[in-house]
Amino acid sequence: MKRILFLLLTQFVFLSAVDAQSVDGVKVENLRMKRNGEYMAVNMNVDFSSLDVSSNRAILFTPIIVSGKDSVELSSVGVYGRNRYYYYVRNNKSIIANENGKSYRSSELPENMDYSVVVPYKDWMNGAFLVLHRSDYGCCTKIVDEQSSQIGIFKEHVFSPKYVYVRPKAELEKSRSLSGSAYINFVVNKTDINLSYLGNEREIAKITATIDSVKNDNDIVLKSLSIKGFASPEGSYKKNADLAKGRTEALKKYVQGLYKFAPDFIQTAYEPEDWAGLRVFVETSSLPNKDAILSLIDDDREPDNKEWKIKSTYADDYKVMYSECYPGLRRSDYKVEYIIRSYTNIEDIKKVFAESPQKLSLEEFYVLAQQYENDTHELNDVFETAVRMYPNDPAANLNAAISEMQNNDITSAKRHLEKAGDSPEAIYARGIHAAFTKDYDKALELLDKAHKMGVKEAADAIKQVNEMK
């Protein structure tokens, strides 16, 4: 048998208990089999008051943890009749197979013994039986009788809360948009578009590709196209205003000619000088005079004076801004707005989910999720996809977090719970997460709050946490 320490344990978490069990002459009461991290503890009270050991017999009691082909013997207790005891003493022998066991003369055996032992925990022990084995020895250490009795079972407490998913609000109209920026180059002081000039064909293709990506979809109806033109700050503000307006109108006219949209379909606006964009560049740059330039940008002086002051005072910095930043400020931001039809047929939803999940609303994702059992790959895939499509939506993040906790992905669940909002269901989910991470005080605080806010499932979770705590 394996070498096992026999010692008294003082602090382990209670996990299971069984009623009194026995083998002939011995009764076991208050059995507790408990796990603490990497160790298993077995504690019980053994009643020897009815044990009768004849003078020529020795009896060995050995608790054994058994699960299928796996087993581990715990420390034994040996009891010797008078003649048998002296026989073993004279011959320097022992029937105790592991050296850490206890042995007694029958006349000195206590009527009750608190038995405690700790052994390394193995995964197979969850669900294992505790068996008490009795071996009776006669002369010459010969076993004359054996019997075993199952006295307990170890079943580790597993936190199994009831999960509460939330149904997102239905959208009356599934309005969506796609946006981007095109950097169309114009000849100096000109507003007409030349496709062959400095990559303009590529930039125009950005806009048409965005329009075509939704225009040719039978499930989509286009609403509008908005274009806003920007110019950089060099030169006079009035001239830049004229150029920004004229170039924006030229782009509108060009796109209109390609598609023949309704007259009011394309909406335009313009920004003569993009000081906001310039500020972002300067703030994130390593320009030597960055702070002073930022102060000038934020100053309420006239744009022409502001640009002149920066150029004349910080000439080297201005050259960097002119070459690295100004070209990016001369752009046309565009946004295509459209409406996606709603899907009510589950087979349609499944097809769209497989081919174009971005066309589904959060409620449609939820409807699809109802087709799958909890703790399945399919359910998790639905909610994970939903949160990718709607990364900042509280309901999407909450449902994804719940699905992840069901799949034991506690790390990802934490990330999504941070964006799940402060609904009663979100607070409840955070309480569940705290319990999984063994922060029981925080778990009880959150679960109690959720329960007071109307989440009835929190009552059972509180009960489980208190048992684990």
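Student: How many bridges join strand β13 to β14, and do they run parallel or antiparallel?

Tutor: Strand β13 (residues 220–230) is joined to β14 by 6 bridges, and the two run parallel. Strands are DSSP runs of E with at least two residues, helices are runs of H or I with at least four residues, and both are numbered from the N terminus. Two strands pair if DSSP finds at least two bridges between them, so with 6 bridges β13 and β14 count as paired. Within β14, E271 stands opposite F230.

This is a predicted model, in which local features need pLDDT of at least 70 and side-chain atom pairs count only at pLDDT 80 or more, while totals for chains, interfaces and linings use all residues. Residues are numbered from 1 along each chain as its sequence is written, and side-chain values use heavy atoms, with hydrogens and water left out.

Student: What makes β12 and β14 edge strands?

Tutor: The open sheet has 4 strands in the order β12-β15-β13-β14, with mixed pairing. β12 (174–182) and β14 (266–271) each pair on one side only, and they are therefore the edge strands.

Student: Why is N240 called buried?

Tutor: Buried means under 20% relative accessible area, exposed over 50%, and partly exposed in between (1.4 Å probe, protein chains only). N240 has a relative accessible area of 6%, so it is buried. N240 is found in helix α3 (residues 237–259). Not counting residues up to four places away in sequence, N240 touches A231, S232, P233, E234, G235, P272 and E273, where contact means heavy atoms within 4.5 Å.

Student: Why is T313 called partly exposed?

Tutor: T313, in helix α6 (residues 303–313), has a relative accessible area of 38%, and is therefore partly exposed.

Student: How do you know that T313 makes a polar contact with K309?

Tutor: A polar contact is a pair of N or O atoms within 3.5 Å; within protein, one must be able to donate a hydrogen and the other to accept it, and residues adjacent in sequence count only if both atoms are side-chain atoms. The backbone oxygen of K309 lies 2.8 Å from a polar atom of the T313 side chain, so the distance is within the 3.5 Å limit.

Student: Which residues of helix α10 make the contact with helix α11?

Tutor: On α10 (residues 377–389), they are L379, N380, F383, E384, A386 and V387.

How values were computed
Axes fitted to C-alpha atoms, helices over the stretch in contact; angles between N-to-C directions.
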